[in-house]
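The exercises below ask you to read a protein model step by step, with a worked solution after each task.

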Amino acid sequence: MSTYSVKELLSTDNLQQEVTISGWVKTFRSNRFIALNDGSTIHNLQCVVDFEQIDSTILKEVATGAALTITGTLVESQGKGQQVEIMVDTITVLGSADPEQYPIQPKKHSLEFLREKAHLRVRTNTFSAIMRVRSALSFAVHQYFQKNGFYYVHTPIITGSDAEGAGEMFRVSTLDPKAPPLDDSGEVNYKEDFFGKETNLTVSGQLEAETFAMGLGKVYTFGPTFRAENSNTSRHLAEFWMIEPEVAFNDLAANMDLAEDFIKGVLNYVLENCTDDLTFLEKRLLDEEKTKPQAERSEMPLIEKLKFVANNEFKRVSYTEAIAILKNSKPNKKKKFQYLIEEWGADLQSEHERFLVEKHFKCPVILFDYPAKIKAFYMRLNEDGKTVRAMDVLFPGIGEIVGGSQREERLDVLQDKIKELGIDEKELWWYLDLRRFGTAEHSGFGLGFERLVLFVTGMGNIRDVIPFPRSPQNAEF
């Protein structure tokens, strides 16, 4: 007798064998049919009970949410919806679940309710599907880079530098918050702190990854990042995962090529390996959109949208061209945009990015050569002196999903930019050393992993694609 997963048994044609399966009860109908699921697949395995063979006291403990081990004979199913089922010989109740207290009953629950039960929501079909897709995407990220000669680098979570320059960072300190030591000017004396200086949780591993790219050639990071941005929206998290490749000797064009090829690679992986879960999520999305006004519905079903992105060339458009398109667009002229585009230099919002992708070009778009004033200090200045070699990849339904650039490799230009922005050069001495010793052009980008999972699963809120979301006023679990 062998122990199997539900996924294995549903795909086998080796009938009349005695098998053992463990899982959680999804439903128990007519005191006869147990739908069992162990998390290996979106599908349940039906287990058929013979009243005369199973003790009635055991059956009283078989309820939704209970954990069971079942032994029986695998046979061809007599009902619809499945090819095989188990004729039950024995049931062992590993852990019961009181139906009056167990919150994940077989009925429709709101996503808001399930966020309050994040420790149990993975037992629902929706969240088990999302988390299997998330796992597959995570594997696909590593597989892509490993197959293409990249080295995986673990960059620090605790850092003394602000890569984004936005200042929205979580402080790391062991000082007494009620009575911190003060210096002669009355400021907190961080020299007495654990690290001897002010430190924070990282918002990006990019700067440290650049150091390894300038020695190993092609590297990537994939780890947690943190942003203390007080944005309580469906698109923001305080803790999220970032994918950040950095490549020596790559210019902006090569960087755009890498981003497009990478995205297509991971999308094709999940299309090939997550068919059942994507099919379920697509049906869920179609059912959800039936309740929305026609204008707010997606133009493509989920799987078709993924294939569309994976199989079509991304349109490459300069920021200057994009501004001209947006300025002359109907939503802008009729003042339908929340943020009107009036002149070159405007910082594009999600509504503008989605218009370019969904309405104008009707395909994924890569915008490049942004105004220097709205981009980070480390991006390479173009010869016109006003734009930088930055690029953003824009997706339907999401807007920006990737942000990257060719990095500034010229020491004097980078020093001027740091001085202009009031950044302490002493804090970045090691970063500037890369430009002093063997400098060369190099590029990279960052992709918020949850944004990718959001796109692939068709979910509408980023808090539903990470196991335990962290957001303003919420650090439960």
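**Exercise 1. A loop residue**

In which loop does Ser30 lie?

Solution. Ser30 lies in the loop between β2 (18-29) and β3 (33-37), where strands (E, at least two residues) and helices (H or I, at least four residues) are DSSP runs, numbered from the N terminus. This is a predicted model, in which local features need pLDDT of at least 70 and side-chain atom pairs count only at pLDDT 80 or more, while totals for chains, interfaces and linings use all residues. Residues are numbered from 1 along each chain as its sequence is written, and side-chain values use heavy atoms, with hydrogens and water left out. As a next step, look at the backbone: although Ser30 is not a glycine, its phi is positive, at about 55°. Finally, because its relative accessibility is 60%, Ser30 counts as exposed; the cut-offs are buried for under 20% relative accessible area, exposed for over 50%, and partly exposed in between (1.4 Å probe, protein chains only).

**Exercise 2. Another positive phi**

Find where Lys362 is placed, and decide whether Lys362 is buried or exposed.

Solution. Begin with the location, which is the loop between α11 (350-361) and β14. The phi of Lys362 is near 55°, a positive value in a residue other than glycine. The relative accessible area of Lys362 is 52%, so this residue is exposed.

**Exercise 3. The whole protein**

Describe the protein by its secondary structure, its extent and its surface.

Solution. Start by counting elements: the protein has 14 helices and 17 strands. Next, take the extent of the C-alpha trace, which spans about 85 × 60 × 45 Å along its principal axes. The accessible surface is about 23,900 Å², and 49% of it belongs to carbon and sulfur atoms; such areas come from the Shrake-Rupley method with a 1.4 Å probe, and for residues only the protein chains shown count as cover. Of the 477 residues, 49% are buried. Last, consider contacts (heavy atoms within 4.5 Å): among those between residues at least 6 apart in sequence, 67% join residues at least 24 apart.

**Exercise 4. Cores and an enclosed helix**

Solution. A nonpolar core is a set of buried Ala, Val, Leu, Ile, Met, Phe, Trp, Tyr and Cys residues joined through side-chain atoms within 4.5 Å. The largest one has 67 residues, and Phe262, Ile263, Met391, Val393 and Val456 touch the most other members. Leaving aside neighbours within four places in sequence, Phe262 is in contact with Val141, Tyr144, Phe145, Ile243, Phe445 and Leu447. A second, separate core holds 33 residues, including Leu326, Ala346, Phe355 and Tyr370.

Now turn to helix α14 (residues 449-457): 9 of its 9 residues are buried, so the helix is largely enclosed by the rest of the structure. Among these buried residues are Glu450, Arg451 and Thr457. Gly458, with a positive phi near 80°, follows α14.

**Exercise 5. Distance in sequence and in space**

How many residues apart in sequence are Arg235 and Ile398, and how far apart are they in space?

Solution. Arg235 is found in the loop between β11 (218-226) and β12 (239-248). Arg235 and Ile398 are 163 residues apart in sequence and 8.8 Å apart in space, C-alpha to C-alpha. Not counting residues up to four places away in sequence, Arg235 touches Ser350, Ile398, Arg451 and Ile462. Because its relative accessible area is 27%, Arg235 is partly exposed.
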